[in-house]
Amino acid sequence: MKDTPQVLTFAVVGHPNEGKSSVVSTLTEDDSVRITPLPGETSVCRSFPVIIDGSEIMRFIDTPGFQSPHATLEWLQANAGPDMLQSFLRHNAGDPRFRGELELFKPLAEGAEIIYVLDASRPLRSFDIAEMEILRMTGIPRMAVINAKEEDDGNVQIWRDELRKHFNAVRVFNAHKATYAQRLALLNSLKSIDQEWESPLAAVIESLEDDWLQRVTQSAWLITRLIGRALRHQVSKSIPPGQEPRDLLENILQEYRDHITALERETHLGIRRLFKHNIFDYRLPEQIVAGDDLFQEKTWRMLGLSPTQVAATGAVAGSGVGLGLDAIAGGSSLGAFALVGGLLGAGGALLGGRRMITYEIKGPRMGPFQYGKPIGDQLFIVGPNRNVRFPFILLDRALIFFANTINWAHARREAVQGSADEPGSFAAHFSDSQSRACNAFFQAARAGDETKIQSLEESMADMLIDVLMALSTQENRHSGL
Ligand SMILES: Nc1nc2c(ncn2[C@@H]2O[C@H](COP(=O)(O)OP(=O)(O)O)[C@@H](O)[C@H]2O)c(=O)[nH]1
Ligand SMILES: [Mg+2]
């Protein structure tokens with residue numbers, strides 16, 4: 001008789017190089033699982049736990065592939081019986097022909113259930129049938145997972161017909177493309193292979209869903225805080241006597257931009273960490289970030305907003321936001337007037353004729369003069385950014401980042417290329433009440449109204465939790481990658 005392990009344990013078995021380790025990596029969200037194009041690299045079993053709140057709730061065992069399926073099947077047929085796996089292990093210990101089987105039978109003899117992984121993009125061969133027959137003979141509850149490496153599914157039907165004869169359930173699961181929703185669906189269908197494990201599996205799935213909701217909640221807060229901080233951000237520098245403010249402008253703008261970029265990066269890295277990615281390194285498409293980054297109309301076009309949609313975003317915000325020029329000229333020196341002229345000409349800082357970032361120069365009014373110059377420092381202030389579109393850009397970028405991160409399978413190790421496609425805007429499709437939650441929060445943040453900010457950021461985060469959950473459960477991946 002088999003022992004019953006303490007935690008749900010699934011041994012992932014199959015022929016070498018079919019994607020066993022990939023399935024383990026994606027299901028456990030563990031990008032440290034070794035995946036290699038060379039068959040036969042794994043020679044021992046390795047256990048990969050799924051840990052939630054510090055406890056192991058489920059375990060997947062990555063195994064070496066079958067090595068001599070025909071000879072193994074023959075041996076088992078000659079020695080069939082309830083303890084045949086144990087007998088196989090005892091009788092063949094040390095036999096180099098059976099290195100793979102001796103290792104992969106261990107977890108099976110200890111009570112693990114079976115996930116059999118096969119690549120259905122290649123034709124079915126006789127060793128496949130031998131492997132399936134071995135697994136059927138064990139009588140252990142088992143599911144076949146079709147991991148079609150190539151999109152061409154010409155062979156899938158032939159495979160399916162054969163698999164149905166040997167397995168309690170058959171599912172297609174692409175280990176390199178599976179989304180969160182597809183991972184959950186696979187785990188759910190494991191319930192059907194063994195009634196005994198149905199209720200523990202249901203409990204495991206529930207804790208996985210709770211855990212996901214927690215991560216989504218934390219992501220929503222990271223995004224909300226990012227926008228709140230970015231909206232309030234200001235850089236101020238004193239202008240040393242005698243220095244032309246114009247000479248400082250580029251430096252201060254750069255400092256402002258660098259800070260916003262750093263805030264954004266920190267947020268994206270936080271989301272990446274929550275979803276357990278150490279290798280995946282998605283940066284939003286270069287075209288958006290390069291050079292002009294967040295402050296260009298181009299960004300909006302990249303997000304797929306038409307001029308009308310952009311205008312609509314402004315209208316929703318209820319703001320004419322014709323900020324115009326609010327550099328305070330009153331207290332500035334002649335140099336500052338010259339600067340104002342400079343700003344008007346600074347196309348990069350202008351969007352649709354409206355200023356994105358406000359520049360102020362504060363300083364002594366026509367006060368006492370010393371040697372013909374005002375006494376005391378003037379303060380050059382850049383920010384806060386009052387452009388209505390600015391927080392929506394940050395929000396959309398965060399949502400695009402989120403959608404791509406949660407749906408990047410942990411088995412997928414190639415370098416990430418931001419797509420040349422223009423990712424669509426999520427915010428442009430918000431409902432009225434979602435837009436209202438955004439705008440109310442954005443306005444409070446801009447105004448720096450701390451008491452309002454607290455309650456409005458809560459509704460903003462709540463609204464985002466819904467959005468992020470909807471992104472998590474949709475079957476279709478976001479087209480960004
Ligand atoms: N494109 C693609 N490649 C895959 C997929 N699954 C596995 N591979 C590749 O196939 C090779 C073997 O995968 P691995 O998971 O190590 O197989 P294992 O030997 O059965 O553990 C690796 O180069 C993987 O990158 C898949 O779903 N799509
Ligand atoms: Mg492997």
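Asp210 is found in helix H8, which spans residues 198–232; helices here are DSSP runs of H or I with at least four residues, strands are E runs of at least two, and both are numbered from the N terminus. The model is a predicted one, in which local features need pLDDT of at least 70 and side-chain atom pairs count only at pLDDT 80 or more, while totals for chains, interfaces and linings use all residues. Residues are numbered from 1 along each chain as its sequence is written, chains are lettered from A and ligands numbered from 1 in the order in which they are written, and side-chain values use heavy atoms, with hydrogens and water left out.

With a relative accessible area of 45%, Asp210 is partly exposed; buried means under 20%, exposed over 50%, and partly exposed in between, with a 1.4 Å probe and protein chains only. These areas come from the Shrake-Rupley method, and for residues only the protein chains shown count as cover. Together with Asp53, Glu206 and Glu209, Asp210 forms a negative surface patch. Such patches are made of residues with over 30% relative accessible area and no salt bridge, like charges being joined within 9 Å and nonpolar side chains (Val, Leu, Ile, Met, Phe, Trp, Tyr) within 5 Å. Asp and Glu count as negative and Lys and Arg as positive, with His and the chain ends not counted; the place of a charge is NZ of Lys, CZ of Arg, CG of Asp or CD of Glu.

Asp53 counts as exposed, at 66% relative accessibility. A positive phi also occurs at Lys276, where the value is near 60°. Lys276 lies in the loop between H9 and H10 and is partly exposed at 31% relative accessibility.

Asp281 pairs with Arg265, the closest N and O atoms being 3.1 Å apart; a salt bridge is a side-chain nitrogen of Lys or Arg within 4 Å of a carboxyl oxygen of Asp or Glu. Asp281 lies in that loop and Arg265 in helix H9, so the pair ties together parts that are 16 residues apart in sequence. Both partners are partly exposed, Asp281 at 31% and Arg265 at 23%.

Across the whole structure, 16 salt bridges are found. One of them joins Glu103 to Lys106, with the closest N and O atoms 3.0 Å apart. Both residues lie in helix H4 (residues 99–109), 3 residues apart, or about one turn of the helix. Glu103 is buried at 12% relative accessibility, whereas Lys106 is partly exposed at 39%. Glu414 forms a salt bridge with Arg412, again with the closest N and O atoms 3.0 Å apart, and Glu414 is partly exposed at 42%. Salt bridges that share partners join Glu29, Arg183, Asp211 and Arg215 into one network.

How values were computed: Areas by Shrake-Rupley, 256 points an atom, 1.4 Å probe, with all protein chains shown as cover.
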